[in-house]
Number of protein chains: 2
Amino acid sequence: MRPREVKIVEVGPRDGLQNEAAVTLEDRIALVNALSATGLKQIEAGSFVSPKWVPQMAGSDTLFERIERRPGVTYSALTPNLRGFEAAEAAGAQEVAVFGAASEAFSQKNINCSVAESLARFEPVMVAAEEADIRVRGYVSCVLGCPYEGAVAPAKVAEVAHALYAMGCHEISLGDTIGIGTPDKAVAMLEAVAARVPMNALALHFHDTYGQALANVAACLELGVSTIDSAVAGLGGCPYAAGASGNLATEDLVYLLNGLGIRHGVELDALVLAGNQISQRLGRPNGSKVAQALTGRCQTQSASGE
Amino acid sequence: MRPREVKIVEVGPRDGLQNEAAVTLEDRIALVNALSATGLKQIEAGSFVSPKWVPQMAGSDTLFERIERRPGVTYSALTPNLRGFEAAEAAGAQEVAVFGAASEAFSQKNINCSVAESLARFEPVMVAAEEADIRVRGYVSCVLGCPYEGAVAPAKVAEVAHALYAMGCHEISLGDTIGIGTPDKAVAMLEAVAARVPMNALALHFHDTYGQALANVAACLELGVSTIDSAVAGLGGCPYAAGASGNLATEDLVYLLNGLGIRHGVELDALVLAGNQISQRLGRPNGSKVAQALTGRCQTQSASGE
């Protein structure tokens with residue numbers, strides 16, 4: 001059931017950078033351009049939200065204008081509402097993303113409405129996207145636990161994922177927002193969702209807050225999931241834990257896939273370069289262990305996991 | 001086949017600290033004492049090697065004298081030769097460890113003799129240990145790859161593991177010394193070894209150089225292995241990579257086991273405390289992601305993985 005090929009969705013420029021204080025537009029453009037040279041097929045490059053809420057993502061229109069687009073790479077953006085969608089469309093985003101939570105408490109605290117209300121608000125985006133022939137990705141957050149509610153039932157995740165799929169999202173990305181999952185729970189959640197949404201329309205989006213992301217991905221690959229989100233250099237953090245780790249690092253994911261003989265098309269060396277560059281700009285250590293090892297020249301004949 | 005209970009062998013005070021420049025005897029004693037309060041049943045506390053080779057482990061006799069021993073905890077030591085064994089015995093080590101490599105090139109470069117020669121040199125230790133009724137653990141290094149040879153055949157690992165077992169070692173710890181393994185390779189290696197040594201006499205000792213250690217452990221648990229080595233705060237490094245990650249962090253392992261419902265008897269909070277303390281003394285960030293998250297107060301109802 002393990003896939004022969006995995007599509008990696010690089011979310012570093014959006015999910016990774018949206019909590020970074022010191023990021024500039026130039027850094028963001030340089031990062032997207034560097035990532036474009038690695039063989040990645042999909043890069044979530046920015047977010048069309050109000051700069052009042054997420055100042056780090058301000059100027060995403062300029063970013064989309066100035067990046068060097070590579071043929072074969074899809075550049076996508078988060079769009080929380082119709083206004084955001086229209087800006088993203090005007091900027092030439094090739095795919096957009098909307099989001100819902102699998103936790104009522106999280107939805108209330110985060111965007112001040114119920115999960116059902118939040119999904120209803122995306123209806124105009126879905127209509128406009130269909131007219132514009134732009135694909136919409138749906139994110140579900142808190143799929144393995146919520147900072148307010150604790151445990152989240154797999155059935156609830158499946159319900160929200162199915163709702164987004166039924167609304168017309170072509171792909172549903174299942175987010176362990178606070179990174180608290182472990183393999184059995186990740187597998188049980190994925191199984192529950194896959195009973196209502198086709199596996200080939202599902203993606204995993206795991207944060208590495210407790211160091212479990214790669215083990216969770218490895219366990220879920222056995223069920224056949226074939227789209228994985230990750231962020232170069234493990235960019236990102238946890239708003240609920242100062243100093244905690246961010247997203248699963250793309251380099252570490254690539255190393256795993258190399259070792260398992262699963263194709264992905266990404267060049268590890270170029271990825272390490274891109275991650276080191278942005279880490280330097282942000283003045284933080286590279287959060288990928290593979291990058292740390294390769295940069296420290298732990299070179300061996302099989303250091304790329306192949 | 002997954003075990004109901006796992007014995008964690010804490011190797012931080014030995015494998016973790018032996019490459020640290022700034023460690024003092026006081027730090028080492030404080031670490032062993034802090035670890036003794038966590039529920040850990042086995043702590044590799046020191047090494048009786050020549051201080052010329054490993055100055056960090058000098059004074060292990062004093063350490064064994066001064067630590068506060070808890071009933072039920074086994075305090076063990078690495079003993080490379082009869083002289084080391086005698087010193088360990090005199091100091092009251094309750095278990096000792098010898099080692100062999102699964103790679104001829106590594107053995108030659110590291111200790112200047114063949115694997116077979118290295119094992120023969122341990123014969124006097126085995127005899128003396130039997131007389132003294134002290135159990136001997138056998139380490140096999142480079143089980144998933146060698147910095148000089150590259151790939152290492154599972155059959156070679158099985159051969160060396162079996163030789164140590166036949167010599168009288170009660171437990172064989174399989175070390176991914178340079179941390180380059182991925183799950184399929186780890187599983188294939190463990191299967192090959194388990195065909196020649198009983199599974200309940202095997203331990204995994206994985207370094208996290210490429211971020212794969214926990215995924216590898218999770219995959220191998222499915223085969224029934226029930227002893228795992230790890231180091232609090234992910235102590236240790238890779239002599240072949242400046243700045244690379246060290247051993248699998250005990251905190252992250254405990255979190256995984258909690259999530260899988262596998263008993264281990266270790267209290268996570270006490271462990272995080274011990275790891276933060278030694279990390280502070282060494283002036284380095286805590287290498288455990290769980291510790292980073294819990295210390296940053298990413299507290300949630302299921303933050304301990306349970």
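**Aromatic pairs and charges over rings**

The charged end of R14(B) lies over the ring of Y139(B), at 5.4 Å from its centre; a charge sits over a ring if NZ of Lys or CZ of Arg is within 6 Å of the ring centre and within 35 degrees of the ring normal. In chain A, R14(A) lies over the face of Y139(A), 5.4 Å from the ring centre.

This is a predicted model, where local features need pLDDT of at least 70, side-chain atom pairs count only at pLDDT 80 or more, and totals for chains, interfaces and linings use all residues. Residues are numbered from 1 along each chain as its sequence is written, chains are lettered from A in the order in which they are written, and side-chain values use heavy atoms, without hydrogens and water.

**Exercise 1.** Classify the aromatic pair of Y210(A) and Y255(B).

Step 1. Rings of Phe, Tyr and Trp (its six-membered ring) pair if their centres lie within 6.5 Å; planes under 30 degrees apart count as stacked, over 60 as edge-to-face and the rest as tilted.
Step 2. With 4.7 Å centre to centre and 15° between the planes, the pair of Y210(A) and Y255(B) is stacked.
Step 3. Y210(A) and Y255(B) are both buried (under 20% relative accessible area; exposed is over 50%, partly exposed in between, with a 1.4 Å probe and protein chains only).
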